[in-house]
Amino acid sequence: MEDLHQLIQECAANNRLSQEKLYRKFYPALFLLCKRFFADDHEALEVLNDGMLKVYKNIANFRHDKGAFFNWVYTIVRNTALDKLKISKQPVAGELTESAAKVYDDNPVKALEWKDIYKLLDTLAPATRGICSLFYIEGFSIKDISEKLQISSGTVKWHLSETRKKLKPVLEKYYS
């Protein structure tokens, strides 16, 4: 197996073969990350590729003392997906009224296997899918999601409410 430190150095030197090795090494995990946000495989792959281009352009800035390399790559690709969601033409629904707001302590996806989670996520609209992934899978707070996507916290709550409303019948039918 290729030494990761050496592979990083070669990628920083713009070695195309090393860049391909790095891409192939992390592809499975990063593609699944992108699938959390985009149901369409082509869109997920496009975001993954855009994210990896950012990784290659900034790989010389990676600091081993700041954390694990995979975490650094993962964060770049996740932020690329969030940026695409933010600028996409996907409709972002209205705000959730205070009277309709719910407590989001229950995580409807925590007891499921990954393959089942991805099937459920495929049923959601892209914007709702991304917010669901950030909140229930990544563990971001409503405030953090709101700031990252530059939308109101009421809109984030609305998407979480939509997630629960759409997934509840499926979860009750198959996982009760």
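What follows is a chat about a predicted model of one protein chain.

Biologist: What are we looking at, and what should I know before reading it?
Modeller: It is a predicted model, where local features need pLDDT of at least 70, side-chain atom pairs count only at pLDDT 80 or more, and totals for chains, interfaces and linings use all residues. Residues are numbered from 1 along each chain as its sequence is written, and side-chain values use heavy atoms, with hydrogens and water left out.

Biologist: How many helices and strands does the protein chain have?
Modeller: Eight helices and zero strands. Helices (H or I, at least four residues) and strands (E, at least two) are DSSP runs, numbered from the N terminus.

Biologist: How much of the chain is buried?
Modeller: Buried residues make up 41% of the 176 residues. Buried means under 20% relative accessible area, exposed means over 50%, and partly exposed is in between, with a 1.4 Å probe and protein chains only.

Biologist: Which residues have the most contacts inside the largest nonpolar core?
Modeller: They are L22, L30, F37, M52, F69, V73 and V77, in a core of 44 residues. A nonpolar core is a set of buried Ala, Val, Leu, Ile, Met, Phe, Trp, Tyr and Cys residues joined through side-chain atoms within 4.5 Å.

Biologist: Which elements give two or more residues to this core?
Modeller: α1 (4-12), α2 (16-37), α3 (41-58), α4 (69-87), α5 (114-121), α6 (126-137), α7 (142-149) and α8 (153-175). Of these, α4 gives the most, with eight residues.

Biologist: Take L30. What is L30 in contact with?
Modeller: Leaving aside neighbours within four places in sequence, L30 is in contact with L48, M52, F70, V73, Y74 and V77. Contact means heavy atoms within 4.5 Å.

Biologist: Two names there are aromatic. How are the rings of F70 and Y74 placed?
Modeller: Their centres are 5.9 Å apart and their planes at 50°, so the pair is tilted. Rings of Phe, Tyr and Trp (its six-membered ring) pair if their centres lie within 6.5 Å; planes under 30 degrees apart count as stacked, over 60 as edge-to-face and the rest as tilted. F70 and Y74 are four residues apart in helix α4, so they are separated by about one helical turn.

Biologist: Are those two buried or exposed?
Modeller: Y74 is buried at 16% relative accessible area, while F70 is partly exposed at 27%.

Biologist: Which residues form the aromatic cluster?
Modeller: F26, F62, F69, F70, W72 and Y74.

Biologist: Change of topic. How many salt bridges does a search of the whole structure find?
Modeller: Eight. A salt bridge is a side-chain nitrogen of Lys or Arg within 4 Å of a carboxyl oxygen of Asp or Glu.

Biologist: What does E138 pair with?
Modeller: E138 forms a salt bridge with R36, with the closest N and O atoms 2.4 Å apart. E138 lies in the loop between α6 and α7 and R36 in helix α2, so the pair ties together parts that are 102 residues apart in sequence. R36 is buried, at 8% relative accessible area.

Biologist: And E46?
Modeller: E46 forms a salt bridge with K84, the closest N and O atoms being 3.2 Å apart. This pair links helix α3, where E46 lies, to helix α4, where K84 lies. E46 is partly exposed, at 39% relative accessibility.
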